[in-house]
Amino acid sequence: MNTSPCPLAASKWIGAEEAAQSPVIIRRFPAENVKKATLHVTGLGYFEAKVNGQPVCEERFIPVVSDYGKRDLPAFLYPLHDETTNAVYYYEYDVTALLAEGDNELTIQLGNGFYRQMERNVEGPVHFGDILKAIYSLVLETADGVQTISSDGSETWKNSEITYSNLFIGEVIDPAAVGEEKPVLIQPAPEAELREAIGTPDRVIRRITPTVLGKADGKTVFDVGENISGVVRIHTRAAKGEKITLRFAEVVDEDLKLDFDSVGAHYVCASGRNQIMEDVFISDGTERDFEPKFVWHTFRYFTVEGDFESAEVVVIHADAAVTASFESPSEGLAFLWDAYLRTQLDNMHGSIPSDCPHRERLGYTGDGQICAPTAMMVLDSEPFYRKWIQDILDCQCKISGHVQHTAPLMGGGGGPGGWGCAMVTVPYAFYKQFGDKEMIETCYEPMQRWIQYLLNHSEDGLVVRKEEGGWCLGDWLTLEETILPEAYVNTCYLVKSLRLLAEMAEVIGKHADAEANRKLAEEITVSIRKAYLNEETGHYCDGIQGADAYAVWAGLVKDEELEEHVVALAAKYWEMGHFDTGFLCTDILAEVLIDHGYADVLFKLLESEKVGSFLYMKRNGATTIWEDWIGSMSLCHPMFGGSCRQLFTGFLGIRQTKESAGYEKVEIAPRIPAGLPWAKGSIRTPKGEISVAWEKKNEGGIAFEITIPQGVEAAFTYDNVSCELKAGMNHVAVLKVCSEK
């Protein structure tokens, strides 16, 4: 992170009246013979800066979300008494080309964002402030020297067209509401660090022309064809004062009425209205376009009520390009890949990976840590996750080491293992994917403090509690009621985290720490086996809801027991033919099956159409992954899709060796199920693109085409064939294939 002096140090925070929903701050200034003009700026909550009416950037929903300042944490639904770190991110723009000779105007329009989100109160009063504000510094380099124009209270402000704005509801836009200019008010600075912006900005990604399904109750009903994140742009010639109302949902019934249940309609907001996404545009009598500025919605269906000409869907999310590809003739694998990508991207806003992009919109560390390895592998997401890891660090209690369930901290429930262990698992995934050793060094002490927190909340070697008054979940959203013991899940996560931390300690030369963590992991393993292993049957927790997969993943199973244990686990899920696991163990189970050669079992689960499968979601209209297996909650939750990475590490076999980071050393070791005739795909690594294609031949063999980038040490292993791979294209033929497991 940049350690140079903050360019906004001499500037003042300025704002409008408390009642202003989206004020526009105005600064007029002369400029002549400017060689270079640099604007440093930010606003709370969101801001849009323009010079002479032209936007200074294409980014949306900035600044990126953070813990903007101190709040009354004990007032949250799950009360906290933590001491956390707060930050506000500022931006730097070259605005030279936007200046004119002579008179110029800088405007900064503000939006509520998460900073002043007053409607949704499910998590308690989590807003940061009552008044929107901005800060800026404009540096003009001329032939005569350098002139700095800073926010100082000499500005004016006026009301914009936006008369109501809430992230969880929408916007009301009324051109008649634009007011007269008034003097700005100097505002107190937030109790936070000002940092140069990092992360991946939101941008307009694509545009879609929706399909008209028909009319219902006087409203035109549209189908986008997929569940997207963004807004709708309306073109209208409506008479002055006429209202155009849009509403959004993931589901429409047979009578073309929107079903708002999955997007949060059962929540009652602070104002008494139900949490339903809605935009209202009030015509000024001219031909014009209306589009929300400081909110996004997530929806497949929407209705328009009122006089309008056309509707265009504007897809907006983090500008994280897809850097991987996967193809096969399998419907199940194709749906998982397509639905995961759409769901993950729909949930990437403000450089946080949210749980759902409509109902909650929070950076849950549980959902986030499960999906992080996959998202890092298949998306251009290094800056995105670098920023989110900083959020996790900022949210850790400086005193106790406690890690929050959401980062940035917005309340929410979870558990110490599947949520808080994001402190360990996400930096580890970042290091392995991008080869960034400095990330380990940055996070090492916070990771150690988190481990100590878990030990402090353990009894008899088991993690049994968290913060008083909060949740202490184990796994979450199993197919049927979760009965897997919370302490078992959380202690498995502790053991796994200790093993990962030992590995990272070796990387940065802390060999004594590594040995201590490995020893502690073995001691806690003894405690878990004593509490949860049935020595007669060999099952942990009677094998319920993936318990035996946890045991393999965490390294609880002794070497001499491992083969028999995994055989029994694979047999169970082969017979069952669908997932019964929660979102944590679904990812773990897929990894364990692939790692131990049971590609056929995982393929069967991914091809299943039963309840507890991804194709069950598709058969019931899904284009994104559901929050639960039966579709009773959000229909755009990425967490079950974390297992998608097994398409690449498993069926294509693109794996790093244990000692590798940043793909310095790879092993192409495909796990090929009997029912899949061919597959091909690629990932982009820090070293370049790795691609694998394989196809079964009539003679019983398999032909492989493998591309390896320069500078990568690579080997191929499949069945009884092993060979070194060179940079460039490699052709490998396996002439006779033994039986798959």
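Predicted model: local features only at pLDDT ≥ 70, side-chain atom pairs only at ≥ 80, totals over all residues.
Helix α5 covers residues 422–434. The helix has 13 residues. From its first C-alpha to its last, α5 reaches 17 Å. That is close to the 18 Å expected at 1.5 Å a residue. How much of α5 is covered? The helix is mostly covered, with 13 of its 13 residues buried. In general, an α-helix has 3.6 residues a turn, so residues three or four places apart point the same way.

Asp436 sits in the loop between α5 and α6, and α6 spans 437–456. Asp436 forms a salt bridge with Arg386. The closest N and O atoms of this pair are 2.7 Å apart. Arg386 belongs to helix α3, residues 382–395. The two partners are 50 residues apart, and the pair links distant parts of the chain. Are the two partners buried or partly exposed? Asp436 has a relative accessible area of 15%, so this residue is buried. Arg386 has 32%, so this residue is partly exposed.

The C-alpha atoms of Lys437 and Val507 are separated by 7.6 Å. Along the chain, these residues are 70 residues apart. Val507 is found in helix α7, which covers residues 486–507. Val507 counts as partly exposed because its relative accessibility is 26%.

Now turn to the salt bridges as a set. How many does the structure hold? The count is 46. One of the pairs is Glu193 with Arg195, whose closest N and O atoms are 3.0 Å apart. Glu193 is partly exposed, with a relative accessible area of 40%. Arg195 is buried, at 6%. Another pair is Glu278 with Arg273. Here the closest N and O atoms are 3.3 Å apart. Arg273 is partly exposed, at 28%. There is also a network of salt bridges, which links Arg60, Arg233, Asp289 and Glu291.

Met277 is found in the loop between β21 and β22, and β22 spans 278–282. Why does Met277 count as buried? Its relative accessibility is 1%, and the cut-off for buried is under 20%. The C-alpha atoms of Met277 and Ile169 are separated by 4.3 Å. Yet these two residues are 108 residues apart along the chain.

Which residues form the negative surface patch? The patch is formed by Asp253, Glu254, Asp255, Asp259 and Asp261. Asp253 counts as partly exposed because its relative accessibility is 33%.

Backbone geometry is the last stop. Most residues other than glycine have a negative phi, and most peptide bonds are trans. Two peptide bonds and two residues are worth checking against that background.

Where are the cis bonds? A cis peptide bond joins Ile62 and Pro63, with omega about 5°. Pro63 is found in the loop between β5 (54–55) and β6 (87–94). A cis peptide bond also joins Ala407 and Pro408, with omega about -5°. Pro408 lies in the loop between α3 and α4, and α4 spans 416–420. Helix α3 is also where Arg386 is found.

The positive phi values come next. Ser351 has a phi near 60°, a positive value in a residue other than glycine. Ser351 lies in the loop between β27 (348–349) and β28 (352–353). Ser351 is buried, with a relative accessible area of 0%. Gln545 is not a glycine either, and its phi is positive, about 45°. Gln545 lies in the loop between α8 (511–532) and α9 (547–554). Its relative accessible area is 7%, so Gln545 is buried.

Note on methods. Residues numbered from 1 in each chain as written. Heavy atoms only, no water. Patch = residues over 30% accessible without salt bridge, like charges linked within 9 Å, V, L, I, M, F, W, Y side chains within 5 Å. Areas by Shrake-Rupley, 256 points an atom, 1.4 Å probe, with all protein chains shown as cover. Salt bridge = Lys/Arg side-chain N within 4 Å of Asp/Glu carboxyl O. Lys, Arg positive; Asp, Glu negative; His and termini not counted. Charge placed at Lys NZ, Arg CZ, Asp CG, Glu CD. Buried < 20%, exposed > 50% of the residue type's maximum accessible area, 1.4 Å probe, protein only. Helix = DSSP H or I, 4+ residues; strand = E, 2+ residues; numbered from the N terminus. Expected span 1.5 Å × (residues − 1).
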